[in-house]
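I opened this structure for the first time and kept short notes on what I looked up. The entries follow in the order I made them.

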Amino acid sequence: MVRFVESGGEDDLAPVIPLFAGSAADRPAAAARPASGGGPVARRLRGRTVDTVERSLETEEGSVEADPPVDSATLERMLLRRLGARGLSVREAEDFLRTRGMDRDAATELVSSFCERGYLDDGRLAEQLVWSGANRRREGRQAIARRLAQRGVDREAADAALAELPDDDDERALAFARGKALSLARLDPDVALRRLAGQLARRGFGGSSALSAARTALQEARSTE
């Protein structure tokens, strides 16, 4: 049985990264101090924080005279910082590194090492996204599956997490519809039904579930007037 842990919100879901645990040999290589010297980019970046470097890189990303790629140690620290703020899938982590100048093979190798250390885990991220979609956002299975695909979560991990989701789309659709029905009940019945069913469909509830929930919720809302 998959165990879900509630957090502050979907975008805040991030793995707990034991940055200072273990021996020095187990710590990320990024913790090492860069060697002195280096080219003009290294001299320009020396003494600046990872946050400042990242903002500088993002600002200059579209410039004509873009800086050469940042060294791998700095990129590793940048990825650690990003993971501390937001959970990433393996694909998102690789994209993060490659868009900042790291080549494909080096990005794959670094991300693999993060997976081995437990910093990245598509299975854990999939469980968190499924829980958040069902319980916080009250989305249907279709919307949750789309979100997992958009985040680049491994297909096998996504399917395993979705398999643990209760088959209760009808109940969740009705709960959402009841929260919206009162504001629509005084509209023309056909207009209200169409709008509410459309809202449910956009949240990933199937056609029959959306239409049934919309009808029931609107009937209940009108009966209380």
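Entry 1, secondary structure. I started with the protein chain, which has 11 helices and zero strands. The model is a predicted one. Reading along the sequence, I wrote the pattern down as α-α-α-α-α-α-α-α-α-α-α.

I took the contacts between residues at least 6 apart in sequence and looked up how far apart their partners are. Of these contacts in the protein chain, 68% join residues at least 24 apart.

The protein chain has 225 residues, and 39% of them are buried.

I searched the whole structure and found one aromatic pair. Phe 114 and Tyr 119 form this pair, with 5.2 Å from centre to centre and 85 degrees between the planes. I logged the pair as edge-to-face because planes over 60 degrees apart count as such, and these two stand at 85 degrees.

Are Phe 114 and Tyr 119 buried or exposed? The cut-off for buried is under 20% relative accessible area. Phe 114 has a relative accessible area of 0%, so I put it down as buried. Tyr 119 comes to 3% relative accessibility and therefore counts as buried too.

Which residue lies over the face of Phe 96? I found Arg 100 there, at 3.9 Å from the ring centre.

Methods: Residues numbered from 1 in each chain as written. Predicted model: local features only at pLDDT ≥ 70, side-chain atom pairs only at ≥ 80, totals over all residues. Heavy atoms only, no water. Phe/Tyr/Trp six-rings, centres within 6.5 Å; stacked < 30°, edge-to-face > 60°. Buried < 20%, exposed > 50% of the residue type's maximum accessible area, 1.4 Å probe, protein only. Lys NZ or Arg CZ within 6 Å of the ring centre and 35° of its normal. Helix = DSSP H or I, 4+ residues; strand = E, 2+ residues; numbered from the N terminus. Contact = heavy atoms within 4.5 Å.
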